[in-house]
Amino acid sequence: MSLSGSESDSLASRRSKKPKYSKFTQQELPACKPLLTPGIVIGAFSLIGIVFVPIGLASLSASQAVVELVDRYDAECVSANDKVGFIQDTKTDKACTRTITVPKPMKRPIHIYYQLENYYQNHRRYVKSRSDKQLRYKDSAHMIKNCEPEAASEDGAPIVPCGLIAWSLFNDTYAFSVNKKSIEVNKKNIAWDSDKSNKFGSDVYPSNFQKGDLIGGAKLNDKLPLSEQEDLIVWMRTAALPTFRKLYGRIETDIMASDEITVVIQNNYNTYSFGGTKALVLSTTSWIGGKNNFIGVAYVAIGGICLFLAMCFVVLYVVKPRVLGDPSYLSWNKETPDHPN
Amino acid sequence: MGRAGGRRRDRLRWSKLYTFSCFRAPATDEAVGPSSAGGAVGGPGFSRVVHCNNPAIHRRKPLKYPTNYISTTKYNIITFLPKAIFEQFRRVANLYFLLTAILSLTPVCPFSAVSMIAPLAFVVGLSMIKEGVEDWRRFIQDMKVNNRKVAVHKGDGQFEYKHWEDLCVGDVVKVEKDQFFPADLLLLSSSYEDGICYVETMNLDGETNLKVKRSLEVTLPLEEDESFKDFRAVIRCEDPNPSLYTFVGNFEYERQVYAIDPFQILLRDSKLRNTAFIYGVVIFTGHDSKVMQNSTESPSKRSRIERKMDLIIYILFTVLVLISLISSIGFAVRIKLDLPHWWYLQPQNSNKLDDPSRPALSGIFHLITALILYGYLIPISLYVSIELVKVLQAHFINQDIHMFDEETGNTAQARTSNLNEELGQVHTILSDKTGTLTCNQMDFLKCSIAGISYGVGSSEVELAAAKQMASGADDQDIPLRDVWEESNADGIQLVEGVTFSVGNNRKASIKGFSFQDDRLMQGNWTKEPNSSTILLFFRILGLCHTAIPEINEATGSITYEAESPDEGAFLVAAREFGFEFFKRTQSSVFVREKHTSSKGTTEREFKILNLLEFNSKRKRMSVILKDEDGQILLFCKGADSIIFDRLAKNGRMYEADTSKHLNDYGETGLRTLALSYRLLEESEYSSWSSEFLKAKTTIGPDRELQLERVSDLIERELILVGATAVEDKLQKGVPQCIDRLAQAGLKIWVLTGDKMETAINIGYACSLLRQGMKRICLSIPTGDQVAQDAKKAAKESLMLQIANGSQMVKLEKDPDAAFALVIDGKALAFALEDDMKHMFLNLATECASVICCRVSPKQKALVTRLVKEGIGQTTLAIGDGANDVGMIQEADIGVGISGVEGMQAVMASDFSISQFRFLERLLVVHGHWCYKRIAQMICYFFYKNIAFGLTIFYFEAFAGFSGQSVYDDWFMLLFNVVLTSLPVISLGVFEQDVSSEICLQFPALYQQGPKNLFFDWYRILGWMGNGLYSSLAIFFLNLCIFYDQAIRAGGQTADMAAVGTTMFTCIIWAVNMQIALTMNHFTWIQHLFVWGSITTWYLFILAYGMTLRSRDNYQILLEVLGPTPLYWVATLLVTAACSIPYLIHISYQRSCNPLDHHVIQEIKYLRKDVEDQTMWKRERSKARQKTKIGFTARVDAKIKQIRGKLHKKGPSLTIHTVS
């Protein structure tokens, strides 16, 4: 009968609409359902404590092993009352001699940093003002769109390297002698290798740099390609905060305790107009870098808090125990009988 | 020719038999002139002119009316783009994103333009595609309707099939049996000689009984295709309007004018029943038709959670504006005071964005920059993710195999995905009855004849009660669910010695007949003591009706076209008992009788003398007939109270037993009717008959009163034969579903267009009502004359009733007392008026169950609105018919039952399911999950974006508020889109606090949604606080670690890229650890997404570091950070610092204030449910809200009752069993 035929057809089509069973569509995928049992809670807090305290102590001891000498020189190196006028005058001799006594022996390498304060390298106007293409490729000297207001010289020729960052390059220099004996400052390898090899072209040479009316900071050696101008490369890595240190070079000899370091500083860089400070820093390093007690203290603190919490929870479970899965804690068992509906 | 002849044969003149409502005296039609009824015709609002059989006129002006094409779509191809885009940008958040996108093209923006525009385009595009797909579905549905075919007169008496959409006003159409009317029609003639036809209006008002329509006398001759050759007439009538029950118009035909009233109007979307065909002329087409005028544009609904989320977004906006203001003020101050000194920025060469001479202007520009920069507080991806999650959740709902209906082949459909989480917060369910709770199918289940009850089939209530008793469970802790689950056994022996069999296993699957009792079947009744009474009983069943038999020529089997399904069930029952009604002529009914199984059949003819049909006022119907012996008999069936009042003194023999049986039947939710007869003397009949004829031909308004009075005269001195009990077949699993929904703490209201008795019966069957419940019935006392102050009086009386009811509830001391409110449509009309509705609502909320009967579609919507606004909680409306559309649209969530004919309810609904019982899973499982998922997801989203966004703000303070971000643009872009999106999406899609079985086993868990435990302000602010804390921890810990010192043994210091990347790494770890702590349920997908996100981050910076585009991030991982121990140490420190507070919070909460799902998780985890099964079962049975409705409450009551009985007459039962 035709009728039954069509009926079975429709039956088949109905069946075909049936969703296919799969654990996924039925939301029955096998799952792990971790549960915060008292054991796990206490265990977790204890574990954090047990892991964190040693890390903290290790960091602290590493930090303690670091010898750091900081010498702020911006005020002392300018005797004139008009500090800004002094620093902006190109003709005056800006040499300044500082003597530092080393309290503890410093193992080589000793890193030399300059530290600036209240200097906004992270200002948006500043950060934007550079051209990566230009630094990298010889043919891209004209890509100066972002470099305003230090993009091109007055005759329109592009400045290489352009932009405010390069223009304001730090230009104080330091000459060291230990116990009156001058020592070499190694200024190689202070920048990241990848910067030297990939971001700053070995065939890109400075041109028109610091040739305008306004001279910002250091001048560059026109004969050296950018990839070898490591001071520039370090400077171009803008700092995150208004107080920052940048690597100046390294002393590759050990310095004994109570040695005297004499530094002859060419105090050229203007931090006076905006009230910034300058400091020279000599520091050894450990595996956590420089002298950094904070990380150790933080680790010990958090580890301690966790151990304390673990104890609190132990006390809590002892004082106010609750059997896991105790049905008397279910809301329908807690309801008072006179509870309305 | 043969066809025409065949048609002739079944032409009956029903007017001879019918006496009441549907017929006016024939003379009235002609008597009416244009001046009387049609006084308004032609005036304002009544200007429509229809030239019948001349549709060409209506194709052009001035009488051009719209075609029959309907469109319910929101857009068309041209308007889609502009309209949809407009819709999208009406969302405030999108507008904000659009603004930022536009501004990103200017130098003000701190980011690249692409990173602002791409996500916006993605979000808007996705939403628009969703809109488009939904609208396309509506279009397809419309096309299906528009392409239905109907026979249309094309001239010369020829009819041809045309699409509905091509129909014009004035067309003459021929509609055949069981077809829908394509437009509003004027009935011209039907296959019945007197031009009546039966119409099912379920799609319009939900009423299931058929309505009789009747054509004008004058058009009766138009009964064949050929007669329309030269048919010309003009209709002048009212303009399109939404009133379903009125119609004013005139019919001008052969220079005469006739008034048309609603009796001649066939409305679109109603269905022709029991009538072979009709001819009609189209009056209103398409959107002019009454049903389309009734349809309202479906409102777009938003869930409570989403509305609250908007509020939170506004708060975040405020925060955003605030910190932007701080930033821009800081910037302006810096520009004015400091910038002139910052020579390295060359302030003398400033542009207007940072001009020290005009700091205010620069500040204003900077405000815009800041608004964009901190835009991460308001995550654009939140919208995308929520949309995406909801679509996936909807997909799971659609795919749920447990909501697939084998019979109709329909799955559950989430038609809009906006409301998934709202499903978990429902407070009140408003349900339609017919088609939703019931199948609209009657089953003959039991009968009581001559004081003996027959029929061993039992209703589900009896069954479960019996089961529980039999299992000997003295404590009530055994969950009833088990009773149901085990009840697939063949049946059990109850103490009383009666076998209860299970519904599914009922032996024969004869539609409408579930009766089982060997004492009556196979002719065994002849051996029963009162066989003569039984014979009468069967005859009444077979003869007292208005049905027409239909013989299937192929198989010879007979089906019946009955006015109501009850009647059909009686006829099927009579047939099964051996009294097969097989033929009806103008004056006679023929029955094939087969008294014993061995003997053959005899055909008997009964002459029908009169037929006094049923109406709701009389509540009875009678037939007067003459049998072959010339005896005149009156058979009468009707409501028990009516029949019992009319019994003769000698007819009360079985009254006591029968009424006891009737009570029992009623208690189990069966529909009962009492059957009686009367022997008439020839003389008595003839004198009555003449009086009746006189009444019948009376003209004027008191005709009906006359008829009623005369009928009353003869329907007296009846002799009771017995009673029938018919089961209004509930849809599968309805009582169980209602029971569990009640246990989940949901309130259930039933709104039905049916009459009060039916509604109450269903109330019993669904356990919404039970014996011992105090019932408050609100109705307007009838019988009032048409007095001026009738309305006022009715209102006052209702007010009094409500006040009394409230008083009764208030004074009730017994905490277990349950109240039920039953209200009638007329009373409801008053109760919904402004001054009374709150009183009414207060009373209704006090009652355990509420049933509204005789409710119009409009009232359904109004009740829904009252509940929604009055209680202020989420409402869900469920229904299947077009009459439920209003309520479905009005409710917070509308659920349509699919599978039954008519798609209007489904089209208007937000979710469609094919059986009521799937509602349980939809709410208790999917609703619960979706609510928690979305709530947690949104909270987490805010956390994540606050944690991230605020670090950008803190950095500003250290960067002179210049708008520089410490993070690379690409990090920021990818943060929301790639790096943290998948875990939160997996939380939103896959999270389960407990499995679906447990959701079903512990309905009380559902209350976490309506109580809104997971999206209250405490929780939201907690998460926000957590975000604030995390942002502080991430930023300042990193700041201290990387302040100025060398970061590694090589002596290098950290630049901005190194600090930014480390901070970002910490954020990625912190937010992913947070979500891992939030999740309860890890499938491989969550593992993949959470840990994968972290891995992706490292892979990303690795890959990104390979390209020179990365600027300072070149080789950041391989060269700078990877070999730096401090980087890893810092990550660990910050991640731990961010996670510890939340870990403390959840550990403390779980150990001291565990929530229900925590405890259940623990039970499951420790496998206590397997080890201690009694505890598990006990908790399952207790895990329900206190409820007074539903099956469980009912069974408890029943058990008490049976126990009481057993105590009273224990010994007698054993004797009964033996006999």
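Trainee: How many residues of chain B are in contact with chain A?

Mentor: Contact here means heavy atoms within 4.5 Å. By that criterion, 113 residues of chain B are in contact with 103 residues of chain A. This is a predicted model: local features need pLDDT of at least 70, side-chain atom pairs count only at pLDDT 80 or more, and totals for chains, interfaces and linings use all residues. Residues are numbered from 1 along each chain as its sequence is written, chains are lettered from A and ligands numbered from 1 in the order in which they are written, and side-chain values use heavy atoms, with hydrogens and water left out.

Trainee: What area do chain B and chain A bury between them?

Mentor: The size of an interface is often given as the accessible area lost when the parts come together. Buried area is the accessible area (1.4 Å probe) that two parts lose on being put together, summed over both. For chain B and chain A the value is about 9900 Å², with 59% of it on carbon and sulfur atoms. B:Trp343, B:Tyr344 and B:Arg1111 supply 8% of the area that chain B buries against chain A, more than any other three residues.

Trainee: How many salt bridges does the rule find across the interface of chain B and chain A?

Mentor: Side chains of opposite charge can pair when their charged atoms come close. The rule requires a side-chain nitrogen of Lys or Arg within 4 Å of a carboxyl oxygen of Asp or Glu. It finds five salt bridges across the interface of chain B and chain A. B:Asp1055 forms a salt bridge with A:Arg237, where the closest N and O atoms are 3.0 Å apart.

Trainee: Which helix gives the most to the side of chain B that touches chain A?

Mentor: Helices (H or I, at least four residues) and strands (E, at least two) are DSSP runs, numbered from the N terminus. Helix α36 (residues 1125–1152) of chain B gives the most to that side, with 17 residues. The residues of the side of chain B that touches chain A divide into 60 nonpolar, 33 polar and 20 charged. In this classification, Ala, Val, Leu, Ile, Met, Phe, Trp, Tyr, Cys and Pro count as nonpolar, Asp, Glu, Lys and Arg as charged, and the others, Gly among them, as polar.

Trainee: What is the strand order in the open sheet of chain A?

Mentor: Two strands pair if DSSP finds at least two bridges between them. The open sheet of four strands in chain A has the order β1-β8-β3-β6, with antiparallel pairing. Strands β1 (68–72) and β6 (244–251) of chain A stand at the edges, each with a single partner strand, so one side of each is left without a neighbour in the sheet. Within the sheet, β3 (residues 110–117) and β8 (residues 277–283) of chain A pair over seven bridges; A:Ile112 has A:Leu282 as its bridge partner in β8(A).

Trainee: Which parts of chain A does the salt bridge of A:Arg98 and A:Asp71 tie together?

Mentor: The side chains of A:Arg98 and A:Asp71 meet at 2.8 Å, N to O. A:Arg98 lies in strand β2 (residues 95–101) and A:Asp71 in strand β1 of chain A, so the pair ties together parts that are 27 residues apart in sequence.

Trainee: Where is A:Pro109 found?

Mentor: A:Pro109 is found in the loop between β2 and β3 of chain A. A cis peptide bond joins A:Arg108 and A:Pro109, with omega about -5 degrees.
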